[in-house]
Amino acid sequence: MAVGGGECHATLAVGADGQMDAAAMERFAAAAGLPGRGLSYTVVSILGPQGSGKSTLLNHLFGTDFREMDALKGRNQTTKGIWIAKAVGIEPFTVVLDLEGTDGRERGQDDTTFEKQSALFALAVSDIVMINLWCHDIGRDHAANRPLLKTVFQVLTRLFSPRKTTLLLVIRDKTKTPLEYLRQALKEDIQKIWDSVQKPEVYKEAALSEFFNVEVTALSSYEEKEELFKEQVGQLRQRFYHSIAPGGLAADRRGVVPASGFCLSALQIWKVIRENKDLNLPAHKVMVATVRCEEAANEKLKHFMSDKGWLELEAAVKSGPVPSFGTKLSAILDFYLSEYDMETMYFDEGVRTAKRQHLESSMLNHTYPALETLIEHLHLVVLNKFKSDLEQSLRSRYGFAASVRQCAQALMAEFDAELRDATVNHVEWDASNARNKLEHHIQAHVASIRNTKLAELKANYEKKLSDALARPIQSILETGERDSWESIRRLYRRETENAALAFSASLSEFELDQTTSNKMVSDLKEHARSVVEMKAREAAGNVLMHMKERFSTVLNRDADSMPRTWTADEDIRAITREARLAALRLLSVMAAIRLDDKPDKIDRALITALLEGGPLSQKRTVEFTYDPFALSTWEEVSPKDTLITPVQCKSIWRQFNAETEYAVAQAISMKEAHRRSKNWLPPAWTILLLAMLGFNEFMFLLRNPLYLLGLFVASILCYAVWLQYDISAYFRHGTLSALLTILSRLLSTIMDIVTAIVNMSHSQKHSRHPSRRSPPLHTQSFRNQTQGQAQVQYMSLGSPSSSSSSVDSNSGDES
């Protein structure tokens, strides 16, 4: 509770029932900035009769806004309990306590316990205690608070260690009596009170000055001389500046607690004061009030439990959330509490309040199961809505973490609003457990969705990475080049880094911690490596097949990938060695996984030992000879990266040679057949012998040109037939079949040739530009036609009519 506002932060610290509000004290301290003051603060309190103008004096002196009595409405109790505020515009930090007035009719003559407790509390915690006195009451007993001071002095020495407190006696409505006389009289009265107090043995001889520093001041009447009163108050205010400095009003700082512990210290002091039996004797009316208030409380609790409105509300909660549950229940509770207040309003306030609190607590305990059921319904509704909203947000392609945060904040705010709607005003209910339970279930659902999304994302990137690596790596391994693993490493690093960067960017929307994110990226890289290793092991498992394919490709195709013709000029031995070298390099590529840039000598070792026939590395001693191909590992390669061991390489090479010998033998046979087909001319010595023996016949032909012309024509015809039928192709399939084919086509071919010659002569005679006509074109055309016709005739040996018609058609087109 706070009254006013501004900068003084006036707050009720101790209620009229004597209960200190620790939370209100803490709020005041925090709002006023007290905890950070260390020891640089002071506490001022005021005692005095009810209606003596204590609050008015404090408001004018310290700038506070305590409630003041309105004289026009009568003289009655204004301040109830103990109020606390901060002095405005005064340094050091000054805490002001406004105590309930003494000798009030509201509490009566028999109830002076609170007056004694509050006065003792003020003396215990204050550096300066102001005692407000009417000038005309000086010299009186009760009006001057003599019994109160006597009791306080006595108990103070017994409860607390000595602390020198300044007693500032403020004489109100000063008369013409000189101040010195008044000061002397007051100091004598206080000394007499101190001397009459029964003190503990340890303080029996202690002087008043060891506990108190007595100061006296006087003020004019506020109602009659307001301006003078304000002027005098302003002068008194100056004395509170730097009050804790040497010589100040609060110079004695013994036992001062730090400002941060003031609230706790005040609470403990009040507790000790309240528990002291000498100050809190129960009266007879308290015992009567206890019995009657308890009977009324039990009766109202019984009526509440059978209340129709409550029973309907309790039944409705079992089926689902009830709107305005807290408001409805609070109305029912307020009805029975107000009835209790009406029946017990004339009994002791302390007892009545205690029994009222017990009644309120009992009713709330009875309603607690219904409240728990309501919270469970709200929990399920909000959780299901969160699941739905999150799913919809994720479909809208918002970031995962952003979607979770947005949905969670909105739904938790809605849940808090529902809890506030369900909360009963009569209890400060802590909703942290319900919120924590809901947050736990939300986090569990989010974790499940996150794991599913991350698994899908990881599987997607693993698939992309597998597609990007598998086929290219398989192709590279099957080529078996020297730089195959270098190419694989470049491909592996490029694709892995690209995938890792993209994967990290995708993971950013989940806002994972750095360790988890790095672990997932590392797992993706490990997957890429496993893909490379898997493809390498697959290729190694089929290495013999790949070697044979590689050997066949190099053996049967030239550098331009054209089918190789085994002519006499081809070096089968060199080509075979090249093919085996290519196959052996393929074997060395697939022998081990090389992703770590570590050099090895597998290629050189295999070529030296298997192709060239030399030893790989032999360490000879007297006892034994070491064969590296008898081992199961390579020297430069770890066992986990070994795909084909040396002993397996030796076995595979032996099987490879056995299965490729036939291909080499076939190539040799084809070369020999080609050589025989090209050697159809007689040997040179035979041609020379024929020339020597046929010299006379040759001279005969020279002397007879007609024979020579006929021989020339016959040669032309033979050449034309050669071109027409591709004689060399016929003879490849045997001499007899070639002769039969030539004879069957000879007559039709001669007729075609003659017709073509006649057509050529006829065209030359009728041409207007003979110089631009190019006979070689006809000759070339004829040659092409004859070659094509010969090929057709060769391909269809059994259909001479078809060949003739084809030649006739070509001749007709030419003409």
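## Basis of the model

This is a predicted model: local features need pLDDT of at least 70, side-chain atom pairs count only at pLDDT 80 or more, and totals for chains, interfaces and linings use all residues. Residues are numbered from 1 along each chain as its sequence is written, and side-chain values use heavy atoms, with hydrogens and water left out.

## The chain overall

The chain has 27 helices and seven strands. These are DSSP runs numbered from the N terminus: helices are H or I with at least four residues, strands are E with at least two.

Of the 815 residues, 40% count as buried, meaning under 20% relative accessible area (1.4 Å probe, protein chains only). Contact means heavy atoms within 4.5 Å. Among contacts between residues at least 6 apart in sequence, 73% join residues at least 24 apart.

## The sheet

Seven strands form an open sheet with mixed pairing. Their order is β1-β3-β4-β2-β5-β6-β7. β1 (11-14) and β7 (212-218) stand at the edges with a single partner strand each, so one side of each lacks a neighbour in the sheet. Neighbouring strands are turned by 25° against each other on average, direction ignored.

Two strands pair if DSSP finds at least two bridges between them. β2 (residues 41-47) and β4 (residues 93-99) pair in the parallel sense over six bridges. Y41 stands opposite F93 in β4.

## A helix across the sheet

Helix α2 (residues 54-62) lies across β2, β4, β5 (128-134) and β6 (165-172). Helix α2 runs at about 165° to β4. Axes are lines fitted to C-alpha atoms, for helices over the stretch in contact, and angles run from 0 to 180 degrees between N-to-C directions.

How values were computed:
Buried < 20%, exposed > 50% of the residue type's maximum accessible area, 1.4 Å probe, protein only.
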